[in-house]
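Welcome! Take a moment to look over the sequence and the structure, and then we can walk through them together.

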Amino acid sequence: MEISSKENTHFFSNNTILPVDRSSFKSESSASKEKQSCCGGIKIFLGALSFVYFAKALSGSYLKSTITQIERRFDIPSSLVGVIDGSFEIGNLLIIILVSYFGAKLHRPRIIGAGCLIMSAGTFLIAMPQFFMGRYRYERFPSTINSTGSISPCLQDKSQTPFSALEKSHAKINAGCEKEAGSSMWIYVLLGNLLRGIGETPIQPLGITYIDDYAIEENAALYIGCVQTVAIIGPIFGFLLGSLCAKLYVDIGFVDLDSITITHKDAQWVGAWWLGYLIAGAISVLAGIPFWFLPKHLPKPEGRKDSSTSSEQSKFITEDNKEQHKSYQQQVKIAEMAKGKSLEFFPSANLFGNPVYILYLCASIIQFNSLIGMVTYKPKYIEQQYGQTSSKTNFVIGLINIPAVAFGIFSGGLIMKKFRINVLGAAKLSLGSSFFGYLLLLSLFAMGCENSEVAGLTMSYHGTKWTTDYEQALFSECNSGCLCSKNDWDPICGENGVTYISACLAGCQASSGSGKNTVFFNCSCVGTLESPSRRSSAVVGPCQKGNECPKMFLYFLVVSVITSYTLSVGGTPGYILLLR
């Protein structure tokens with residue numbers, strides 16, 4: 001009996017112990033599943049956010065690459081192009097505060113998805129003027145267009161010139177280079193870029209804070225660095241796409257390309273700027289689809305569940321998984337939330353009393369003020385300063401400069417993770433990279449090319465360099481007998497290596513060929529530089545820069561790459577400083 005009793009006791013004790021073991025096994029299993037779902041969920045979100053960063057960076061960089069194309073297509077000045085480019089930041093400023101604060105209370109992934117749709121709509125709107133405007137018309141002197149007869153560019157004998165051409169030449173006396181907006185359709189480009197700015201607003205604040213909330217703390221910097229690195233791949237494809245579209249004629253598919261008399265090297269060439277926006281808009285639509293299927297919340301990592309240093313978002317969103325709390329959150333309306341939670345915004349405004357935040361804000365304003373202006377007009381600067389084509393300029397920026405930026409951003413995140421740099425260290429790293437980067441930028445002032453030799457502008461017709469009144473310098477004894485406009489810019493290159501504003505001002509008496517193959521003969525002003533009695537020939541288009549300019553362009557690229565890398569190293573530490 002005692003033995004059986006002991007056996008029964010042992011039997012029942014085993015039975016009572018088994019449920020405890022099962023419960024502990026279940027808790028371990030659930031913890032393991034929670035960890036796997038957390039890691040898997042954050043990695044899916046990381047991939048989707050990286051693709052969105054790629055899409056928005058591609059469309060933004062493509063806009064930078066089409067600055068000169070838009071300027072020529074709509075016949076607008078550079079100052080107005082700057083306003084169009086700045087409309088993106090205006091769209092950001094309109095809703096950035098509301099999206100950053102109230103957006104965190106709602107379904108952040110879906111808000112990012114909605115922003116992608118708005119961004120794609122704005123990108124499509126930018127391309128719309130191409131389908132409503134007429135065909136692009138470039139100005140050429142009658143002798144350079146397809147014609148069976150040869151017309152004297154000098155127009156000494158009015159009887160040899162058709163009345164329409166002579167009348168047109170007289171009309172250009174008061175027109176030509178005096179720049180006014182040639183078409184009001186540029187407003188659609190401005191509005192489209194404004195919509196892009198509005199749609200892009202929730203991506204950065206809601207996406208980065210989502211990663212910061214649900215990623216393991218030591219991995220957050222690396223994840224953000226990965227997102228920023230993938231984002232830089234967007235500009236690479238954006239500028240390469242801009243380079244490809246710049247070689248295609250603007251009205252490709254609408255006109256016979258054999259009838260075009262200019263090439264992509266011509267100053268009046270306009271590429272198919274609108275084609276890239278259609279591609280970028282389609283990519284933005286695809287990038288926004290995954291966010292509609294991502295959850296509102298992810299399980300918090302074990303090390304951060306009880307952390308007192310949580311992000312701003314976790315301070316006003318409670319992580320209660322009870323059914324009644326979930327149902328309550330689903331019934332909250334935006335109006336009720338704005339009414340009940342608006343008082344919480346004003347305590348957050350105390351952040352403006354934080355000296356570290358104010359200093360970071362001022363530094364960011366100064367830094368972006370310079371960098372955005374440089375990035376916007378850098379393609380045009382390279383075209384004008386180093387005599388490069390728009391297609392080659394975009395290709396060089398996309399293939400050389402942008403990878404250096406990507407490597408710099410990734411290096412910053414890797415340094416933060418490897419050396420476990422704290423907030424103070426992140427501030428020092430960001431400051432150091434900015435300081436040395438701007439020192440390198442100053443050296444670019446010494447790497448410019450000399451002004452092109454243009455007769456009547458940078459030098460006289462006799463070969464001496466001078467600066468005098470523009471209107472008086474254009475005319476000389478060699479072209480005094482010609483009926484020329486002072487406002488036309490239809491450059492030709494003389495065989496002496498000097499550029500002339502037009503064939504008429506060069507005193508050319510005859511021409512042969514047509515379109516881009518036109519050759520001018522008996523140019524009296526071309527001969528005066530070497531021998532007054534000798535009359536030389538010229539070809540269509542400006543002359544190439546001097547022999548030193550290609551070397552200076554190479555130096556410019558090397559310093560530009562090093563500068564881009566140095567400035568980008570502080571990108572990820574700057575984000576961490578802002579979040580912490």
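Please keep in mind that this is a predicted model. Let us begin with the strands. Val454 stands opposite Thr499, a residue of strand S3. The strands involved are S1 and S3 (residues 499-500), which pair in the parallel sense over 2 bridges. They belong to an open sheet of 6 strands, whose pairing is mixed and whose order reads S1-S3-S2-S6-S5-S4. At the edges of this sheet you will find strand S1 (454-455) and strand S4 (508-512), each of which pairs on one side only.

Next, let us turn to the inside. The largest nonpolar core holds 37 residues, and the members that touch the most others are Ile42, Phe45, Leu49, Tyr53, Ile203, Ile211 and Phe291. Several helices supply at least two residues each to this core, namely H1 (2-65), H4, H8 (203-214), H9 (217-247), H10 (273-288) and H21 (571-579). Helix H1 gives the most, with 10 residues.

Finally, let us visit the surface. Here Phe51, Leu117, Leu286, Ile289, Trp292 and Phe293 make a nonpolar patch of about 610 Å². One of these residues, Leu117, sits in helix H4, which spans residues 108-127. Is Leu117 buried, partly exposed or exposed? Its relative accessibility is 42%, so Leu117 counts as partly exposed, a class that falls between buried at under 20% and exposed at over 50%.

Definitions and conventions. Residues numbered from 1 in each chain as written. Predicted model: local features only at pLDDT ≥ 70, side-chain atom pairs only at ≥ 80, totals over all residues. Heavy atoms only, no water. Pairing = 2+ DSSP bridges. Helix = DSSP H or I, 4+ residues; strand = E, 2+ residues; numbered from the N terminus. Patch = residues over 30% accessible without salt bridge, like charges linked within 9 Å, V, L, I, M, F, W, Y side chains within 5 Å. Areas by Shrake-Rupley, 256 points an atom, 1.4 Å probe, with all protein chains shown as cover. Salt bridge = Lys/Arg side-chain N within 4 Å of Asp/Glu carboxyl O. Buried < 20%, exposed > 50% of the residue type's maximum accessible area, 1.4 Å probe, protein only. Core = buried A, V, L, I, M, F, W, Y, C linked by side-chain atoms within 4.5 Å.
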